[in-house]
Amino acid sequence: MGPPRRKVLATAEETLTPPDELLQGQTIAKVIKATGKNIYQVEFPSKESVLVELPARFRSTIWMKRGSFVVVDTNALEDRDNKLQGEIVNIVRDEKAWRKAPFWPKEFAKQPVTRAEDSDDDEEESNMGKMPSSDESDA
């Protein structure tokens, strides 16, 4: 049996809006991959890649995918002697609102979208999956 609905909704509501400021030892990180057993590999703005743990309150409540952002507390697991370097304390769900916060790292600035079609002007257009032109006749 899962957690009560009110607990799930409270957790979801908490992650929707950014806090006014981050506490000491908390930083925003980008999720690189899920390694299993609620352990995630994240990348800090300094390009350092570390393993962090997802606490029980977020498990089976909010899903994260590669490229999403989280707030990691690096002081949370100092007393434990293992490979984990921190704990996820918040998950960025409304990225647009979070990007407006003063503590958002410049390294995670939104990249302009470039279309691959525009950069490959010299290449011929592929006919794969297209209907033949009406100019061609079967005689």
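These are my notebook entries on a predicted model.

**Ground rules.** I number residues from 1 along each chain as its sequence is written. The model is predicted, so I keep local features at pLDDT of at least 70 and side-chain atom pairs at pLDDT 80 or more, while totals for chains, interfaces and linings use all residues, and side-chain values use heavy atoms, without hydrogens and water.

**Entry 1: the fold.** I looked up the elements and found three helices and five strands. Helices (H or I, at least four residues) and strands (E, at least two) are DSSP runs, numbered from the N terminus. Along the sequence the pattern reads α-β-β-β-β-β-α-α. The chain has 139 residues, and 30% of them count as buried. Buried means under 20% relative accessible area, exposed over 50%, partly exposed in between (1.4 Å probe, protein chains only). I then checked contacts, meaning heavy atoms within 4.5 Å. Of the contacts with a separation of 6 or more, 60% are between residues 24 or more positions apart.

**Entry 2: the cores.** I looked for nonpolar cores next. Such a core is a set of buried Ala, Val, Leu, Ile, Met, Phe, Trp, Tyr and Cys residues joined through side-chain atoms within 4.5 Å. The largest one has 15 residues, and V42, M64, V70, I88 and I91 touch the most other members. Two or more residues each come from β1 (26-36), β2 (39-43), β3 (49-53), β4 and β5 (84-91). Another core lies apart from it, with eleven residues, among them L22, A101, W104 and F108. I also listed the contacts of V42 beyond four places in sequence; they include A29, V31, I32, V50, V52, V70 and V72. In soluble globular proteins, nonpolar side chains tend to be buried together.

**Entry 3: aromatic pairs.** I found three aromatic pairs in the structure. Rings of Phe, Tyr and Trp (its six-membered ring) pair if their centres lie within 6.5 Å; planes under 30 degrees apart count as stacked, over 60 as edge-to-face and the rest as tilted. F69 and W104 pair edge-to-face, at 5.0 Å centre to centre with 70° between the planes. This pair links distant parts of the chain: F69 sits in strand β4 (residues 69-73), and W104, 35 residues apart, is in the loop between α2 (95-99) and α3 (116-119). F69 and F108 make a tilted pair, at 5.1 Å centre to centre with 55° between the planes. F108 is also in the loop between α2 and α3, 39 residues apart from F69. F69 and W104 are both buried, and F108 is buried too. F69, W104 and F108 form one aromatic cluster.

**Entry 4: the pocket.** The largest pocket holds about 180 Å³ of space. On a 1 Å grid over the protein atoms alone, a pocket is an open set of points where a 1.4 Å probe fits, with protein on both sides within 12 Å along at least five of seven lines; lining residues have an atom within 4 Å of a point. Its lining includes K30, E43, K47, F69, E95, R99 and F108. I sorted the lining into three nonpolar, two polar and seven charged residues.

Entry 5: Q26 is in strand β1. Q26 counts as buried because its relative accessibility is 16%. Beyond four places in sequence, Q26 touches V71, V72, D73 and V89. T11 is in helix α1 (residues 5-16). T11 counts as buried because its relative accessibility is 8%. Beyond four places in sequence, T11 touches R57, F58, T61 and I62.

Terms used
Grid points are joined across faces, edges and corners, and a volume is the space filled by probe spheres set on the points. Ala, Val, Leu, Ile, Met, Phe, Trp, Tyr, Cys and Pro count as nonpolar, Asp, Glu, Lys and Arg as charged, and the others, Gly among them, as polar.
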